[in-house]
Amino acid sequence: MTSCTSGDPSDAVGDTADTSNAVVGDPVVDREAEVTPTTTPDPSPTRETEPSTDATPPPVATARPVSDTAVTDTATTGTATGTATTGTGTTDAGSPAGDPVCSAQTDLLPENDEPVRVILDTDFAPDVDDAGALGVLHALADAGEVEILAVMVSDGGDARSDRAIDAINTFYGRPDIPIGVVAGAAPAGASVYVDELAAGFPNDVQETSSATDLYRRILSGQPDASVTILSIGYLTNLEALLSSSPDAASASPGDRLVEQKVVRWVAMGGTYPDSIAHPLGAEFNFERDVTAAINSVADWPTPAVFAGWELGDVVLTGAVLQTDTPPENPVREAYRLFNGGQAHRSWDLIATLAAVRGTAGLFDVCTGRNVIGRGGSNRWENDGENRHGYLRLTVPAADVAAVLDGLLVEPPGASP
């Protein structure tokens, strides 16, 4: 059975979250810009609303001038206490401190053979790449490369994401992975596959913990500097964790608990080196809860690595699920329901791969500082401290897709 904890009914995914201050999704959520891929196009709704022109990575963008100010963004779930850029226009070159420093050798990502201890934080409902990322994570766990400690849901809608996640966990032979859900106001998005997975595949979730409570319990029981937090959705849960108070699980406040127990944060979010290159000026995961993005990125006490929109937008995966996996696979069914089973963009899958395998001969990491601005925009600063990094492709997109597709089609229990 899935490890669950009874709590306040407001914490249950089955109840509609209070979204009076949240950014509520459209009936069909558009997550990212369309591209013209080199394979069969994906006609499904995607993360943003404006089309890009081709499947090549966007050019390196010029940076906004630096103008930092405290920001309150009333369209999200709280008040931003971090710093955000409010500059407009562009400069002639690079970032304020020159070109980013990029290398495949980095201590920001795992480099040894020890299994990585991961807590996955996902919005799950709006886009099928979350289901694909969870499938990839299980395949890596089957290979002995990762231990999945828990899965957190950041989407505040009434879709049964907890049960759909448990269905995937159960298919891969890990029905006892604990699942936490966002509490209180949170962004919410519609889904074309979550309820069908919850109803059509074995799972046994009845009640779930709040994500904040589960984070604190899981982290307090882990060795110091041992946990990787992998976020592939909104940062609502991470902001709540950082600001959480001491409780029965730990005498430490949230930021101190994270500093003590977390070795790194890997996030799918933003566009690099500057979101001016994004068709809408801000990537979905940052834009949907701007306050959480500002506060989490500014206040996070450990190293953090970001996988940007520009990577997943050109790496297409998932079509192989329909031909190379059985109908009993809920990830296969999620892709079928989402876009007819065609290849789809791989934003969240890329972040998952990097969180476990590091640069893996596929990426390098450009170091500096990620600065979140109004509306969820972001820009890169080369500050010399190098506690943040962003991924950059060093091989053709098809090479990354081949690795991810190979993991997606591995049967439960296999070792790639």
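## A proline out in the open

Let's start with Pro327: its relative accessibility is 52%, so this residue counts as exposed. You'll find Pro327 in the loop between helix H10 (320-324) and helix H11 (330-339). Leaving out residues up to four places away in sequence, Pro327 touches Phe201 and Arg332. Keep in mind as you look around that this is a predicted model.

Pro396 is another proline to look up. Its place is in the loop between strand S15 (388-393) and H13. With a relative accessible area of 51%, Pro396 is exposed, since the cut-off for that word is over 50%. In sequence, Pro396 and Val315 are 81 residues apart, but from C-alpha to C-alpha they are 9.0 Å apart in space.

## The whole chain

Now zoom out. The protein chain has 13 helices and 15 strands. Of its 416 residues, 57% count as buried.

What about contacts along the chain? Take the contacts in the protein chain with a separation of 6 or more: residues 24 or more positions apart account for 82% of them.

How do helix H1 and helix H13 pack? H1 covers residues 129-142 and H13 covers residues 397-408; their axes are 8 Å apart, and the angle is about 75°. That angle makes H1 roughly perpendicular to H13, because anything from 65 to 115 degrees gets that label.

Here's who meets whom: on the H1 side there are Gly132, Val136, Ala139 and Leu140, and on the H13 side Leu404, Leu407 and Leu408. Sorted by class, this contact has six nonpolar residues, one polar residue and no charged ones.

## One disulfide

How many disulfides does a search of the whole structure find? It finds one. The disulfide joins Cys102 to Cys366, with 1.9 Å from S to S. Cys102 sits in strand S3 (residues 101-103) and Cys366 in strand S13 (residues 363-372), so the pair ties together parts that are 264 residues apart in sequence.

The torsion about the S-S bond is about 105°, so this disulfide is right-handed. Are the two cysteines buried or exposed? Cys366 is buried, with a relative accessible area of 0%, while Cys102 counts as partly exposed at 23% relative accessibility.

## Rings meeting rings

On to the aromatic side chains. A pair of aromatic rings is described by how far apart the centres are and by the angle of the planes. This structure holds eleven aromatic pairs. One of them is Phe171 with Tyr172, an edge-to-face pair at 5.1 Å centre to centre, with 85° between the planes. Tyr172 counts as buried, with a relative accessibility of 4%.

Trp265 and Phe306 form an edge-to-face pair too, at 5.5 Å centre to centre and with 70° between the planes. This pair links distant parts of the chain: Trp265 is in strand S9 (residues 262-268) and Phe306 is in strand S10 (residues 304-307), 41 residues apart. Trp265 and Phe306 are both buried. They also belong to one aromatic cluster, together with Tyr272, Phe286, Trp300, Trp380 and Tyr390.

Terms used
Residues are numbered from 1 along each chain as its sequence is written. This is a predicted model: local features need pLDDT of at least 70, side-chain atom pairs count only at pLDDT 80 or more; totals for chains, interfaces and linings use all residues. Side-chain values use heavy atoms; hydrogens and water are left out. Axes are lines fitted to C-alpha atoms, for helices over the stretch in contact, and angles run from 0 to 180 degrees between N-to-C directions. Helices (H or I, at least four residues) and strands (E, at least two) are DSSP runs, numbered from the N terminus. Angles under 35 degrees count as roughly parallel, over 145 as roughly antiparallel, 65 to 115 as roughly perpendicular and the rest as oblique. Contact means heavy atoms within 4.5 Å. Ala, Val, Leu, Ile, Met, Phe, Trp, Tyr, Cys and Pro count as nonpolar, Asp, Glu, Lys and Arg as charged, and the others, Gly among them, as polar. A disulfide is a pair of cysteine sulfur atoms within 2.5 Å. Buried means under 20% relative accessible area, exposed over 50%, partly exposed in between (1.4 Å probe, protein chains only). Rings of Phe, Tyr and Trp (its six-membered ring) pair if their centres lie within 6.5 Å; planes under 30 degrees apart count as stacked, over 60 as edge-to-face and the rest as tilted.
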